[in-house]
Amino acid sequence: MKTLKTFSILFLSVLIISCSKKDDGDGGAEAPEAEFSATINGGGFGSNYSSRLGFYSSDYSDNGLTLAITDENTNIVRIFLNNTGGFGSGITKIINDVASNGFVTSVVIRDQTNQVTYNASEGEINILENQENPENEDGRLISGNFTITATSGSGPAITMSGNFKNFAY
């Protein structure tokens, strides 16, 4: 009888613990892997430099969205998207557009090898997709493409075109 009582208590304990776990209902869905690729021409990058994602971070606030990318060779690309028009699919952000709060859409490209910083002078960033992040119910995944011309103050202009995909914010 003592064994039956112990077994019953153990069974009920396991049942209670298993039922108390969070059921997220989506089967543990994971966000697709983030991607970034760009081709940069000019300056210290030379001809057809291929920039690929090393890692990234994002920062979202009332001012806008900042995507900070470090490529495989430690070069840095920072994309600043102001809040004009939002961040929905089909929105185009124009370089140097100033939002009512003063935040500017821009891109900064840092050539780490030659220690040169390029600031976008013209171009656009197209948001192709903005969807729910399956890993974070309050989060979003943003994807887009861009075409940028940037200058370094003293050197020649560079061009950069490419895309980013599934960046969480």
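Which residues is I148 in contact with, leaving aside its neighbours within four places in sequence? In this predicted model, I148 is in contact with I95, V107, A120, E122, G123, E124, I125, I158, T159 and M160, neighbours within four places in sequence being left aside; contact here means heavy atoms within 4.5 Å. Residue numbers start from 1 along each chain as its sequence is written, and side-chain values rest on heavy atoms, with hydrogens and water left out. Since the model is a prediction, local features need pLDDT of at least 70 and side-chain atom pairs count only at pLDDT 80 or more, while totals for chains, interfaces and linings use all residues.

A word on confidence comes next. The protein chain has an average pLDDT (the predictor's confidence in each residue, from 0 to 100) of 89, and 83% of the residues score at least 70.

Strands (E, at least two residues) are DSSP runs, numbered from the N terminus. In soluble globular proteins, nonpolar side chains tend to be buried together.

One of the contacts of I148 is T159, a residue of strand 9. T159 counts as partly exposed because its relative accessibility is 38%. Beyond its neighbours within four places in sequence, T159 is in contact with T39, I40, N41, I148 and T149. T159 and T39 are 120 residues apart in sequence, yet their C-alpha atoms are 8.1 Å apart in space. The strand pairing brings in T39 again: strand 1 and strand 9 are antiparallel over 7 bridges, and T39 has S161 as its bridge partner in strand 9. Two strands pair if DSSP finds at least two bridges between them.

Strand 1 also pairs with strand 2 (residues 49-60), in the antiparallel sense over 4 bridges, and I40 stands opposite Y49 in strand 2. The loop between these two strands holds N48, which has a positive phi of about 55 degrees although it is not a glycine. N48 is exposed because its relative accessible area is 53%. Another non-glycine residue with a positive phi, near 75 degrees, is N96, found in the loop between strand 5 (92-94) and strand 6. N96 is partly exposed, with a relative accessible area of 40%.

Strand 3 is mostly covered, with 8 of its 8 residues buried. G64, T66, A68 and T70 point one way from the strand, L65, L67, I69 and D71 point the other way, and all are buried. In a regular strand the side chains alternate between the two faces of the sheet. Strand 3 pairs with strand 2 in the antiparallel sense over 7 bridges, with T66 as the bridge partner of D59, and a hairpin joins the two strands through 3 residues. Strand 3 also runs antiparallel to strand 4, with 7 bridges joining them; here I69 has V77 as its bridge partner. The hairpin of strand 3 and strand 4 has 4 residues between the strands, and T74 there takes a positive phi near 70 degrees.

Strand 4 (residues 76-82) includes N82, which counts as buried because its relative accessibility is 0%. The side chain of N82 reaches the backbone oxygen of D97 at 2.8 Å, and a polar atom of this side chain lies 3.2 Å from the backbone nitrogen of T84. Beyond its neighbours within four places in sequence, N82 has contacts that include N63, G64, F87 and K93, as well as D97 and F103.

Methods: Buried < 20%, exposed > 50% of the residue type's maximum accessible area, 1.4 Å probe, protein only. Polar contact = N/O pair within 3.5 Å; in protein donor to acceptor, adjacent residues only side chain to side chain.
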